[in-house]
Amino acid sequence: MLLILLGVLVLHLIILILLIVSTAASAWTVGGDSSTDLWYKCMTTNGGYHCRPASNADWIQAVQALMILSILFCFFSLIAFLYQLFRLVKGGRFFFTAIFQILASVFVMCAAIIYTVMSPDDGSGAQFGYAYVLAWVAFPLCLVSGLIYIVLRKKE
């Protein structure tokens, strides 16, 4: 039982790291001499690296908010898991932790879908970068983790 709890905790920490990296990294869209993330659009011109803030469009602000919410809910889920690990009665299930983790997965999925549909295509042949892929990888891991918390029971 201890190994299962340790495995679930490690999976949760990996998901949290994936969410933080995908939100902070500057590679949601890359192509040629430019890269775009949730916060900045950066270009390399004449040997210099110039960044400007992301647009104030509603869709990018929604993606930013959803990614931050996914990180917060994943973190709160981790805190709830640690609390329930020591305070939950024998035989109890980790429902509260599971709800927070599943909400985190829904938020990251919505953010990635919005970015997929609304991302600007300026004709430069830009492609989705590794941060975008990390967000999509975090979604099923987060969902599976939430489902594991639903099934998981506290033993002695």
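Which residues does Ala 111 touch, not counting residues up to four places away in sequence? In this predicted model, where local features need pLDDT of at least 70, side-chain atom pairs count only at pLDDT 80 or more, and totals for chains, interfaces and linings use all residues, Ala 111 touches Val 63, Leu 66 and Met 67, contact being defined as heavy atoms within 4.5 Å. Residues are numbered from 1 along each chain as its sequence is written, and side-chain values use heavy atoms, with hydrogens and water left out.

The secondary structure of the protein comprises four helices and five strands. Helices (H or I, at least four residues) and strands (E, at least two) are DSSP runs, numbered from the N terminus. Along the sequence, these elements follow the pattern α-β-β-β-β-α-α-β-α. The C-alpha trace spans about 65 × 30 × 20 Å along its principal axes. Of the 156 residues, 43% count as buried; buried denotes under 20% relative accessible area, exposed over 50%, and partly exposed in between (1.4 Å probe, protein chains only). Among contacts with a separation of 6 or more, 72% are accounted for by residues 24 or more positions apart.

The axes of α1 and α2 come within 9 Å and cross at roughly 160°. Axes are lines fitted to C-alpha atoms, for helices over the stretch in contact, and angles run from 0 to 180 degrees between N-to-C directions. This angle makes α1 roughly antiparallel to α2, since angles under 35 degrees count as roughly parallel, over 145 as roughly antiparallel, 65 to 115 as roughly perpendicular and the rest as oblique. The crossing of α1 with α2 is left-handed, a term applied if the near helix is turned anticlockwise from the far one by less than a right angle, with right-handed used if clockwise. Residues of α1 in this contact include Leu 5, Val 8, His 12, Ile 15 and Leu 19, and those of α2 include Met 67, Cys 74, Ser 77 and Phe 81. The residues of the contact of α1 with α2 divide into 16 nonpolar, five polar and no charged. In this classification, Ala, Val, Leu, Ile, Met, Phe, Trp, Tyr, Cys and Pro count as nonpolar, Asp, Glu, Lys and Arg as charged, and the others, Gly among them, as polar.

Helix α3 (residues 95–118) and helix α4 (residues 130–151) have axes that come within 8 Å and cross at roughly 155°. That angle makes α3 roughly antiparallel to α4. The crossing of α3 and α4 is likewise left-handed. The residues of the contact of α3 with α4 comprise 18 nonpolar, six polar and no charged.

The largest nonpolar core has 30 residues. A nonpolar core is a set of buried Ala, Val, Leu, Ile, Met, Phe, Trp, Tyr and Cys residues joined through side-chain atoms within 4.5 Å. The residues with the most contacts inside this core are Leu 19, Trp 28, Leu 38, Val 63, Met 67 and Tyr 115. The elements that give two or more residues to the core are α1 (2–24), α2 (58–87), α3 and α4, and the largest share, nine residues, comes from α2. Tyr 115 touches Trp 28, Thr 29, Thr 36, Leu 38, Trp 59, Ile 60, Val 63, Phe 128 and Tyr 132, residues up to four places away in sequence not being counted. In soluble globular proteins, nonpolar side chains tend to be buried together.

Ala 111 lies in helix α3 and is buried, with a relative accessible area of 0%. The C-alpha atoms of Ala 111 and Met 67 are separated by 6.3 Å, although these residues are 44 residues apart along the chain. Gln 101 is also found in helix α3 and counts as buried, at 0% relative accessibility. Leaving aside neighbours within four places in sequence, Gln 101 is in contact with His 12, Ile 15, Cys 74, Ser 77, Cys 142, Ser 145, Gly 146 and Tyr 149.

Other positions are partly exposed. Thr 45, in strand β3 (residues 40–45), is partly exposed, with a relative accessible area of 33%. Ser 55, in the loop between β4 (48–53) and α2, counts as partly exposed at 43% relative accessibility.
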